[in-house]
Amino acid sequence: AWGNSEPEIVVMGFSKGPTQAGALSSQPHDQIAFRGGRTNLAKILHHIGLMATPDSRLVDQAIADRNGRFHFGSLIRCTVERRDEQELVPDKQWKGTGGGMLDKFIARDFGKEVLTNCSTRFLGELPKRTRLVVMLGLGTAGNYVKACRQAFGKARPGLWRTINEVTYADNKVIVVHTEHFASQGALLPNWLSGEHHERGRLGLLARAGVKMALGSR
């Protein structure tokens, strides 16, 4: 994990993908998180009001800052892959990234078990300072949002309430889902478009959830 261990804001990807895992033995630690996707991550965090500009250098600084607002990590703390049985090339059947990874991994019993174990261990007891958890990923028809909310409910038993389609909360933290930084095609541009696309509405809802969590600061 990266950033502050006692953060105000936690930003979570899905898993340690193959790119990150392969870099662990050869790259400086602070260069590994969201490798190749920091420009998109900056756009997302700027859109929801957490960065002043959509500049990847701000993400670089936040990841390296042990005393800042942010903590960065993965919901699944290991590298996982799923088998795509529709892939005709045998050596390409196992995939760690790409469309459907979020939904299809956690749809399996093993994936659900991994999700429950990781969320319980790493999200069950958050620092007192933490007010907001940003989850990168929506899933097909919000499936990832639903699965993560169930996982949070198991990890942090208590009264959870729905704030909007991409935001839910208990009595201590608010969880906001955004588009994934590695989303393919027009998904991210549409999410960033505000009122110009239906998916942009979800981006505006995420911004509202962040504002509720952090107030006017």
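Mentor: Before we start, contact here means heavy atoms within 4.5 Å. Keep in mind too that this is a predicted model.

Trainee: Leaving aside neighbours within four places in sequence, which residues is methionine 135 in contact with?

Mentor: Good one to check in the viewer, as Met135 is among the residues with the most contacts inside the core. Once neighbours within four places in sequence are set aside, methionine 135 is in contact with Met12, Leu75, Tyr144, Cys148, Phe152, Val175, Val176, His177 and Thr178.

Trainee: Is phenylalanine 34 buried or exposed?

Mentor: Look in the loop between helix 1 (18-23) and helix 2 (38-47). Phenylalanine 34 has a positive phi of about 55° there, although it is not a glycine. Buried means under 20% relative accessible area. Phenylalanine 34 has 6%, so it counts as buried.

Trainee: And alanine 141, is that buried or exposed?

Mentor: Alanine 141 sits in the loop between strand 6 (132-136) and helix 6, and has a positive phi of about 55° without being a glycine. Most residues other than glycine have a negative phi. The cut-off for exposed is over 50%. Alanine 141 has 68% relative accessibility, so the answer is exposed.

Key. Residues numbered from 1 in each chain as written. Predicted model: local features only at pLDDT ≥ 70, side-chain atom pairs only at ≥ 80, totals over all residues. Heavy atoms only, no water. Core = buried A, V, L, I, M, F, W, Y, C linked by side-chain atoms within 4.5 Å. Buried < 20%, exposed > 50% of the residue type's maximum accessible area, 1.4 Å probe, protein only. Helix = DSSP H or I, 4+ residues; strand = E, 2+ residues; numbered from the N terminus.
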